[in-house]
Amino acid sequence: MSKIIEPHRIEIPLGIMFHTVNCYLFPGKELTLVDCGLQSEGNWNILQTEIKKHGFDVKEIDQLIITHEHPDHIGLLHEILDASLCKVKAPEIIKRWFSDPDEMTELERTFTIKMLSSLGFPKDELAASLKFLQSSKPFKKIKDLARFEYFKEGDYLEIGHSKWEALNTPGHCPSQFVFLQAEQRRLISGDMLLPIAPMPIVVENPNDEGEPIQALKQLLASFERLRLYEIGTVYPGHGEIFSDANAMIDKQLTRMKMRKEECFEAIKSGMNTPYQVNRQMYPYQTMPPDFSGMHMVMGYIDLLRTEGRIIVQKDDKGQLFVGVK
Ligand SMILES: [Zn+2]
């Protein structure tokens with residue numbers, strides 16, 4: 001068995017929803033950082049200070065590994081590229097987020113607005129959502145793409161004296177990658193498996209233009225895939241490092257099963273659009289900017305439809321309506 005190197009967990013503050021995001025610093029033949037937090041001047045200072053506390057310097061980073069393209073995981077990429085000579089290893093399927101970030105952001109926004117308007121959002125909330133989505137500035141284009149290397153499903157990456165297998169586990173997003181050290185039963189999980197509630201975000205299906213992915217179904221399939229490895233230690237993208245991945249998966253499945261039944265009850269009681277179901281299930285959420293409940297509702301609707309318990313219909317304006325069978 002290769003030597004087990006424990007990474008240093010570095011927490012970077014976030015504004016909304018989660019409190020912090022994790023970066024992992026792995027000493028080894030190559031000094032490795034996995035993910036790099038949300039961009040801000042304050043966060044850049046925190047990252048540098050934390051790396052120093054562990055006896056290293058940002059300029060010594062040899063490789064920066066990316067789990068997925070969300071802003072809380074790639075935010076300080078430009079700063080790290082400027083401060084070091086590191087190479088960046090990222091999933092091949094997110095290549096365009098680095099070369100054409102403006103275009104990718106615009107495509108995602110357009111789809112999200114189209115999707116939200118099909119769910120029964122009132123006009124004023126739709127306008128507020130659009131304003132919110134347009135207020136987030138896109139990631140800056142990368143100047144030196146020659147420093148990037150891309151990996152795909154089944155490739156191995158050397159992190160802290162061990163080889164880790166890259167697995168594409170969609171659910172949180174289609175491009176979510178995790179890194180598995182099967183022999184040591186360790187997993188760097190990104191946002192695939194967290195010690196807090198999962199967030200299967202509905203985006204455009206990369207294989208079916210204009211259609212949403214069934215994110216929760218993908219998440220459940222990825223849970224089942226990971227379960228087979230009986231993982232002992234998980235390094236998640238948010239929250240503390242935890243042990244026994246399968247116990248965490250079971251806990252989350254139990255909760256989701258309960259919430260799915262609540263979704264069914266809401267529909268049975270007469271809520272007939274995904275938006276109405278969401279207001280009933282997540283009344284405490286302020287939407288926008290917090291769409292997390294909406295994504296869960298869409299996932300539960302997909303599951304209930306597959307189980308044959310509800311019907312989902314689209315009218316000629318593209319509005320979705322739900323009802324019990
Ligand atoms: Zn995240």
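Two strands pair if DSSP finds at least two bridges between them. Strands here are DSSP runs of E with at least two residues, helices are runs of H or I with at least four, and both are numbered from the N terminus. The views below show a predicted model, where local features need pLDDT of at least 70, side-chain atom pairs count only at pLDDT 80 or more, and totals for chains, interfaces and linings use all residues. Residues are numbered from 1 along each chain as its sequence is written, and side-chain values use heavy atoms, with hydrogens and water left out.

**View 1. β11 and β12 make a hairpin.** These two strands pair in the antiparallel sense, over two bridges. Two residues sit between them. Look for Asn-205, whose bridge partner in β12 is Asp-208.

**View 2. Here is the open sheet of six strands.** Its order is β1-β2-β3-β4-β5-β6, and the pairing is mixed. β1 (8–13) and β6 (148–151) stand at the edges with a single partner strand each, so one side of each has no neighbour in the sheet. On average, neighbouring strands are turned by 25° against each other, direction ignored. Inside the sheet, β3 (residues 32–34) and β4 (residues 63–65) pair in the parallel sense over three bridges, with Leu-33 opposite Leu-64 in β4.

**View 3. Helix α1 lies across β1, β2 and β3.** α1 covers residues 41–53 and runs at about 160° to β1; axes are lines fitted to C-alpha atoms, for helices over the stretch in contact, and angles run from 0 to 180 degrees between N-to-C directions. In the loop between β3 and α1 you'll find Asp-35. Its phi is near 65°, a positive value in a residue other than glycine. Asp-35 is buried, at a relative accessible area of 2% (buried means under 20%, exposed over 50%, partly exposed in between, with a 1.4 Å probe and protein chains only).

View 4. Among the buried residues are Met-104, Arg-109, Phe-111, Ile-113 and Leu-116. After the helix comes Gly-120, with a positive phi near 100°.

**View 5. Helices α8 and α10 cross at roughly 80°.** Their axes come within 9 Å. That makes α8 roughly perpendicular to α10 (65 to 115 degrees counts as roughly perpendicular, under 35 as roughly parallel, over 145 as roughly antiparallel and the rest as oblique). On the α8 side, the contact includes Met-256, Cys-263 and Phe-264; on the α10 side, Met-296, Tyr-300 and Leu-303 are among the residues met.

**View 6. Lys-260 sits in helix α8.** At 10% relative accessibility, Lys-260 counts as buried. Leaving out residues up to four places away in sequence, Lys-260 touches Tyr-300, Leu-303, Leu-304, Glu-307 and Arg-309.

**View 7. Asp-244 is in the loop between β14 (242–243) and α8.** Phi of Asp-244 is near 60°, a positive value in a residue other than glycine. At 40% relative accessibility, Asp-244 counts as partly exposed.

Methods
Contact = heavy atoms within 4.5 Å.
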